[in-house]
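Trainee: I have a structure open and would like to go through it with you. Could we begin with how the elements are laid out?

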Amino acid sequence: MTRLAVRRLLQVPFVLLVVYTVSVALVAATPGDPLATGDKEMTPEARRAKEVKYNYDQPWYRRYFYTWPIQRLLIDRDLPAHRYEDWTVPEILGASLPVSLQLGLFAFCLAVAGGLTAGILSAARRNTWIDYLSVALAMIGISLPTFVIGAGLLILFGLWLGVLPIGGWGQARQVILPGVTLSLPFMAYMARLTRAGMLDVIGEDYIRTARAKGVGPRRVLLVHAFKNAFLPVLSYLGPAAAAILTGSFVVEKIYTVPGMGTHVVESVSNRDQTVILGTVLTYSVFLMLFNLLVDLAYGWIDPRIRLGEE
Amino acid sequence: MVIAVAVALILLGVMVWSAREGRADFVFVNSLEPRTLDPALTSWVDEFRLGRCLFEGLTRLNDTTFRPEPAVASRWDVSDDRRRYTFHLRPEARWSNGDPVTADDFLFAWRRVLDPAVASEYFYQLYPITNARRYYESRSDRDPSNDLPFDRVGARALNDRTLQVDLEFPCPYFLDLTAFLTLSPVHRPTLERWAYREGRVLPTKHLWTRPENLVCNGPFVIERWQFKRRIRLRRNPTYWDAAAIRLRTIEALPIDDANTSLLAYETGAVDLIAAVTPMAARALYAAHRAGGRDDFHPRRYFATYFYRFNCKRPPLNDARVRRALSLTIDRQAICERVLGFGQTPAYCLVPAGSVDEMTREGPDGRSYRYEPGRGLGQDMTPTQRIELARRLLAEAGHPDGRGVRPLELLYNRDQSHHLIAQAVAKMWKDHLGLQIELKQLERNVFSPRVETLDYDIARGNWVGDYMDPMTFLDMFVTDGGHNQTGFANVEYDRLIRQATQEPHPGRRFEILQQAETLLIGRELPIAPIYEYVGYYLLNPRFGGLWPDSQLNLFVHRAFVQPRGVPQTVAGPEPHGSASAGGTLPEAQR
């Protein structure tokens, strides 16, 4: 277990280096002028000033090895983003990542709680109205795009009922709608996974054994069956957590949430190279972290799976 | 599962506990987070709206007439040849830290704007000042030995409170320019601490606009700037005219989704929005026309939408082909069927709807009005236009479009640009038999291609920087920075030069009219399509926001309306001169 964790942590720098290199290559291959931010004509000297400011005057290897990773992302000197001239890249990430984490954690908890409950209930009450309802809701959650759900919830709760604010960030009431919207697709997918996993397991011999031994139906379902049915859900949780926690462009745009998802998309259309690198690397770190957590949890839930100890 | 629910509840609890601030007196939606609050660098309408709350120049625009009026300068003397202005600064003008605003603060600010290394986008607003252009250009090469010293620029402090400015030519709109944000003073010690010292841009330059560092001289100071969440302004007690300011706090929210901002307005969470989706704008416009929604204010806007033709590339280097293309565009159909919220067809470059606001008084006391140039096809019927277009194309050697290669029409990504391009391409195909390839590009790809003349036909627009025809017409002088069509015409250049030197407003307008007629009646490096309209939604509780044709919206002048008084907008139409251009926010570009 420890060996697995250590080995995986040692891989992190190498993976990050690869991600960084590929991102730099993709950024370099993207057409468009990263300095063309305004509508006004740029005089040659103004262009040169900007080139110096954003280090386009330097040779590529210096930018690749030093300017971008160290000077701009880590030590944060002198180097505002292209789009936000008054803010540096670490400041932008520092302001938006906590927002995404708060919203993401809330949405993640909702998704897990709702998804598992719905999945277990519909498996236990198979082919009853509860099952049909939960399967139907899950289908809707998966197939309706976020911007439709988001706009619908806004109009319903914000405009017609007037009980929740339209957007913004900073108050508890402002978390509810974006949190629910963000969690719905994940919740729906988890419900389906749980239901399928439960149905698979319920027919197994050890469940019958447990029942025969006189274990109550609730305990059979929640402890014996659920533990094994949970494994496919668990492998989905890693990438889901990384995706939820690093923000969603659509949800952030609809509800005016100042999170990281916006920067992921905006920085690409602005050709804001260091913001692109910053967001991509942050996302990679989260993805690796949650995948590691999932792998560790595997071993904890099912002792037969001991990765790294062949 | 239980854990998950518990965590979610705790999170909510933590956020309830987290600090809550009361609603500001006036909350408005600024559709974009400002790039910067530095007055030398701001260039978007949204940034100007905030900048005008924080900084004030020698003059300011009156909030109802939009004519320049005394601000930091309490009065000024103008020499007889209209080329020397002496400004007397009012002693009670102070910075937010209590320091007096001095003539030197202006010189320092202007010197900074004119330094190419600072990369101000509006440096050319200072060009009427003697030698300002030479100063900027001497620094625009890599050779420091030919740099002009700043004392050769025609601006000097006679003492702390007197600023003398010499002009290159009798610029009739100079007092409009001194009200422009780029020319506002900056607090020298603050700038030297963070941003700009001894002609060098400092690495910490982005820190000087932070609330804890920013020293400003406008009606408001910045209380809090939460990145992409809100900017909160507080009334500046040291502002010389603080008695006229009735709001205590203003909040700007960067809501960039137009549907969300409309919902926020409808629920009363915000008091002012200046951008909605085209669909909502059409619905609101229709309701407004039908007598409802008097909180919706459509206004003509000092901006023109046009197509650029690449005058260097065949077959567009032939003026007859350009004329034919322009004649075939059915502007009425585009305004009514594609856009549909009050836009008007444009045959001229200078928005004809704004001429009343460009009236100038001559030395004889008479006021002079600009008569727009004669646009090609302006007085013809649609059939006549098409006939002439087909004849011109045939004269150019392409009857029924024969022998013309497929032409590429570029535009930046936007729903309405796309619809207009489709409509125009169909008109050109149906009437002239031309093949048009539509090409939608991202902004960062689009702009460089237009600048380097790597296009056949490209969408463009211009928002006037100050209320004068010159802001539109001087774009198209040979090699002008915003020309971007390759158009070069000796006669046009001569007319613009002549108008610049002409002190009499009446004669000046006549020369400008000749130039415009040459441009859009004969040569057509561009085909004007429509004149913009601006609009905004304002909570009827508020007064004091007068619409001007540049949609400046002086939010700092807003006040809560006494009950029963009709909204100020119902008052007289604003006349006179307004300045402050600015680039359109993303949604409208």
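Mentor: From the N terminus on, the elements of chain A run α-α-α-α-α-α-α-α-α-α-α-α, which comes to twelve helices and zero strands; please keep in mind throughout that this is a predicted model.

Trainee: What box do the C-alpha atoms of chain A fill, along the principal axes?

Mentor: Taken along those axes, the C-alpha atoms of chain A fill a box of roughly 85 × 60 × 30 Å. Of the 310 residues of chain A, 42% count as buried, and among contacts between residues at least 6 apart in sequence, 72% join residues at least 24 apart.

Trainee: At what angle do helix 9 and helix 12 of chain A cross?

Mentor: The axes of helix 9 of chain A, residues 217-245, and helix 12 of chain A, residues 273-301, come within 8 Å and cross at roughly 165°. An angle over 145 degrees counts as roughly antiparallel, and helix 9 and helix 12 of chain A are therefore roughly antiparallel to each other. The crossing of these two helices is right-handed.

Trainee: Which residues meet there?

Mentor: On the side of helix 9 of chain A they include A:Phe230, A:Leu231, A:Leu234 and A:Lys227, and those they meet in helix 12 of chain A include A:Phe286, A:Leu287, A:Phe290 and A:Asn291. The residues of this contact divide into 17 nonpolar, three polar and one charged.

Trainee: Switching to chain B, what is the strand order in the open sheet of four strands?

Mentor: The order in that sheet of chain B is 4-5-7-6, with antiparallel pairing. Strand 4 (73-78) and strand 6 (155-159) of chain B stand at the edges, each with a single partner strand, so one side of each is left without a neighbour in the sheet. Neighbouring strands of this sheet are turned by 20° against each other on average, direction ignored.

Trainee: And how many bridges join strand 5 of chain B to strand 7 of chain B?

Mentor: Five bridges join strand 5 of chain B, residues 84-89, to strand 7 of chain B, residues 162-166, and the two run antiparallel. Within this pair, B:Arg84 stands opposite B:Asp166 in strand 7 of chain B. Helix 3 of chain B, residues 103-113, packs on the sheet and touches strand 5, strand 6 and strand 7 of chain B, its direction making about 165° with that of strand 6 of chain B.

Trainee: Where does a positive phi turn up in the hairpin of strand 10 and strand 11 of chain B?

Mentor: That hairpin has three residues between the strands, and B:Lys228 takes a positive phi near 65°. Strand 10 of chain B (residues 220-226) and strand 11 of chain B (residues 230-235) are antiparallel and joined by six bridges, with B:Arg230 in strand 11 of chain B as the bridge partner of B:Gln226. Strand 11 of chain B also pairs in the antiparallel sense with strand 12 of chain B, residues 249-253, over four bridges, and there B:Leu233 has B:Ile250 as its bridge partner.

Notes:
Residues numbered from 1 in each chain as written. Chains lettered and ligands numbered in written order. Predicted model: local features only at pLDDT ≥ 70, side-chain atom pairs only at ≥ 80, totals over all residues. Axes fitted to C-alpha atoms, helices over the stretch in contact; angles between N-to-C directions. Parallel < 35°, antiparallel > 145°, perpendicular 65-115°, else oblique. Left-handed = near helix turned anticlockwise from the far one by under 90°. Contact = placed C-beta atoms within 7 Å. Nonpolar A, V, L, I, M, F, W, Y, C, P; charged D, E, K, R; others polar. Pairing = 2+ DSSP bridges. Buried ≥ 20, exposed ≤ 12 C-beta atoms within 10 Å, placed from the backbone.
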